[in-house]
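Morning, everyone. Please have the structure open on your screens, and follow along as I go.

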Amino acid sequence: MFHELKTLIAIKKYGSFSATGNNVGLTQAAVSAQIKSLESYLGIKLFERNGKTVQFNSEGLRVLALAEQLFELVDKMKQPECMADFTGEIRIGAIASIQSNILPEILEELFKYFPKAKIKLIPGVSFNLFHQLGKNEIDLAIIIKPNFEISDDYCYYTLKKEPILLITPIDIHEKHPVEILKNNPFIRYDYSSFGGKVVANYLNRNQIKTNDIIEVDEIEAIIRMVEKKLGVALIPDIGMSKLKEKNINIIDLKQPDLYREIIIIHKKNTEDSIISTIVSKIVEGVAIREK
C-alpha cells in the first residue's frame with residue numbers, strides 16, 4: 001500500500017488526479033486505479049466525487065494525516081542513530097566546470113560527516129540535472145541557478161557567485177569591452193544553458209550586437225578557442241589563478257550584478273531529511289572555507 005499512500009499524499013500536494021499523474025509519472029487512469037485499490041483495501045471512500053471533480057471527504061483527510069505520519073516514521077527508521085553510520089548511496093549531479101574546483105571541497109566535507117556513504121557522481125549540464133532532480137533520478141545537484149523561479153518543491157543554497165569576464169586573444173590591445181565585443185568574432189557561451197542566458201541578457205541589455213562564429217557550452221573549450229585566436233568570449237570566472245595561466249587577456253567588466261550563481265539544490269520530500277542534513281553540512285563547511 002506504500003505506493004497508493006504516496007499517491008494519496010501527492011493528490012493533496014498537486015490538487016487533482018490529472019495534475020498528480022503529470023508530476024509523478026503516472027496517467028490519470030493509473031492514479032484513479034491506485035486510489036480505488038486503496039479504498040477497497042481500507043473498506044472506506046476517501047473522496048467525494050462530483051462529476052469530474054474530486055475532494056477529500058472526512059475519512060480521506062483522516063487517512064491522509066495518518067499516511068503523512070507513517071512516512072515520517074519510515075523516514076526516521078531509515079536514519080542511523082549516528083549520521084556517521086549512514087551507508088546509503090548519495091547520487092550527486094554536478095556541472096563540469098565545478099568538478100575540478102569546488103566539487104573536491106564538497107566531497108571532502110561530505111565524507112567528513114558521512115565517511116561510510118557511497119557517492120555516485122552524475123555529470124551533466126544544469127538544465128538536464130535540474131530535470132533529473134525533479135524525476136528523483138539524483139538526490140541533489142550542483143548547478144547554475146536557473147533564470148526562472150524555482151518552485152517551493154525545492155530547497156537550495158548559494159555556494160558561490162562567479163563574475164562574468166571578457167577574455168580575448170593575447171594580441172588584442174583594445175581596452176573598451178563594448179568595442180571589443182562589437183569588432184571581433186564572438187565565441188558564445190551556449191545560449192540554451194543557464195549561464196549562457198546570463199551572458200545573453202547582458203548583451204541584450206547593453207544593445208551589443210556580436211558576430212557569433214560558434215556556440216559552446218564547455219568553458220574550458222571556449223578558453224582554448226580564445227587562446228587559438230578564434231575570437232573573444234564572455235565566460236564566468238572559474239578561477240582567476242587558473243585563467244592567468246592561459247595565453248589570453250582577462251578584462252573585468254566591473255558589473256557587480258553580472259555573474260552566474262552556483263547553487264546546491266535538492267527536493268523537499270518527507271524522505272529527504274538525510275539529504276537535507278548532508279546539504280546543510282556541505283554548505284556550512286564550504287562557507288567556513290570561504291571566510
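How far apart do the end C-alpha atoms of residues 1-57 lie, and what percentage of the span is helix? The ends are 20 Å apart, and the span is 63% helix and 14% strand. Keep in mind that this is a predicted model. UniProt, in an unreviewed entry, places the feature "domain: HTH lysR-type" at residues 1-57.

I mean the second largest pocket, with about 290 Å³ of space. Helix 6 (126-134) and helix 9 (219-227) are the elements that give two or more residues to its lining. Sort the lining by class and you get 9 nonpolar, 7 polar and 6 charged residues.

Why does this pocket lie between domain 2 and domain 3? Because both domains give residues to its lining. Domain 2 covers 83-159 + 261-290, and domain 3 covers 161-260.

Let's stay with helix 9. Which of its residues are buried? They are Ile 219, Ile 222, Ile 223, Met 225, Val 226 and Glu 227. Here is a rule to keep in your head while you look at a helix. An α-helix has 3.6 residues a turn, so residues three or four places apart point the same way.

Just after helix 9 comes Lys 229, with a positive phi of about 65°. Lys 229 is not a glycine, yet its phi is positive. Find it in the loop between helix 9 and strand 9 (233-236). Its relative accessibility is 47%, so Lys 229 counts as partly exposed.

Asn 136 is another residue to look at. It has a positive phi of about 60°, and it is not a glycine. Its place is the loop between helix 6 and strand 5. With 43% relative accessibility, Asn 136 counts as partly exposed.

Now the aromatics. The whole structure holds 7 aromatic pairs. One of them joins Phe 148 and Phe 194. Why is this pair edge-to-face? The ring centres are 5.8 Å apart and the planes meet at 80°, so the pair is edge-to-face. The cut-off for that class is over 60 degrees.

Are the two partners buried or exposed? Phe 194 is buried, at 3% relative accessible area. Phe 148 is partly exposed, at 36%. Both rings belong to one aromatic cluster, together with Phe 127, Phe 130 and Tyr 154.

Last, two distances. Take Ile 208 first, in the loop between helix 8 and strand 8 (211-216). Ile 208 is buried, with 6% relative accessibility. Val 178 is 30 residues away from Ile 208 in sequence, and 6.9 Å away in space, C-alpha to C-alpha.

Then take Glu 174, in the loop between strand 6 and helix 7 (177-183). Glu 174 is partly exposed, at 32% relative accessible area. How many residues separate Glu 174 and Asn 50 in sequence, and what is the C-alpha to C-alpha distance? They are 124 residues apart in sequence and 71 Å apart in space.

That's my tour. Over to you.

Methods:
Residues numbered from 1 in each chain as written. Predicted model: local features only at pLDDT ≥ 70, side-chain atom pairs only at ≥ 80, totals over all residues. Heavy atoms only, no water. 1 Å grid on protein atoms, 1.4 Å probe; cavity = no way out; pocket = protein on both sides within 12 Å on 5 of 7 lines; lining within 4 Å. Points joined across faces, edges and corners; volume = space filled by probe spheres on them. Helix = DSSP H or I, 4+ residues; strand = E, 2+ residues; numbered from the N terminus. Nonpolar A, V, L, I, M, F, W, Y, C, P; charged D, E, K, R; others polar. Domains from an automatic or database assignment. UniProt positions renumbered as here; feature names shortened; annotations may be inferred. Phe/Tyr/Trp six-rings, centres within 6.5 Å; stacked < 30°, edge-to-face > 60°. Buried < 20%, exposed > 50% of the residue type's maximum accessible area, 1.4 Å probe, protein only.
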